[in-house]
Amino acid sequence: DPENSRCMPCSKSCHTCNSPDAANCLSCPPEFHLTDQNTCIQCDATCQTCSGPSTSDCTTCKTGSVLLNSSCYSCDELSNRHLDDDGNCVKEEVPQGVVVVAEA
């Protein structure tokens with residue numbers, strides 16, 4: 001009955017919902033993923049956005065990290081990368097004619 005309808009807050013785990021129950025989420029807040037059961041689960045701490053809760057379910061990474069094979073790695077963990085002035089993890093450019101030798 002639309003005349004008797006009233007708005008209710010969503011569960012804290014939902015961004016938008018169709019009822020206040022945590023199992024009726026329509027969308028999730030940042031760093032959470034909407035499951036097939038319409039609940040929101042938190043992404044792994046390394047992920048900005050994800051398709052599930054695992055470290056290998058990342059779809060985007062937080063600033064200072066890079067996405068490789070659905071996992072986020074901090075810039076420090078990757079060789080030949082550094083943080084630029086904007087906090088982005090970028091690949092170091094090797095000048096032409098310079099040969100990079102891996103350390104043993």
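Tutor: A disulfide is a pair of cysteine sulfur atoms within 2.5 Å. Keep in mind that this is a predicted model.

Student: OK. How many disulfides does the structure hold?

Tutor: There are 6 disulfides.

Student: What does Cys-47 pair with?

Tutor: Cys-47 is joined to Cys-58, with an S to S distance of 1.9 Å. Cys-47 sits in strand E5 (residues 47–50), while Cys-58 is in strand E6 (residues 58–61). The two are 11 residues apart, and the pair links distant parts of the chain.

Student: Is that link left-handed or right-handed, and why?

Tutor: Left-handed, because the torsion about the S-S bond is about -65°.

Student: Are Cys-47 and Cys-58 buried or exposed?

Tutor: Buried means under 20% relative accessible area. Cys-47 has 0%, so Cys-47 is buried. Cys-58 has 3%, so Cys-58 is buried too.

Student: Next one. Which cysteine does Cys-61 bond to?

Tutor: Cys-72, with the sulfurs 2.0 Å apart. Cys-61 lies in strand E6 and Cys-72 in strand E8 (residues 71–74), so this pair ties together parts 11 residues apart in sequence. Cys-61 is buried at 18% relative accessible area, and Cys-72 is buried at 9%.

Student: What about Cys-7, where is the nearest cysteine sulfur?

Tutor: That sulfur belongs to Cys-10 and is 9.8 Å away. Cys-7 is in no disulfide.

Student: Is Cys-7 buried or exposed?

Tutor: Exposed, with 80% relative accessibility.

Student: Last one: what does Cys-43 form with Cys-50?

Tutor: A disulfide, with sulfur atoms 2.0 Å apart. Its S-S torsion is about -80°, so this disulfide is left-handed. Both Cys-43 and Cys-50 are buried.

Methods: Residues numbered from 1 in each chain as written. Predicted model: local features only at pLDDT ≥ 70, side-chain atom pairs only at ≥ 80, totals over all residues. Heavy atoms only, no water. Buried < 20%, exposed > 50% of the residue type's maximum accessible area, 1.4 Å probe, protein only. Helix = DSSP H or I, 4+ residues; strand = E, 2+ residues; numbered from the N terminus.
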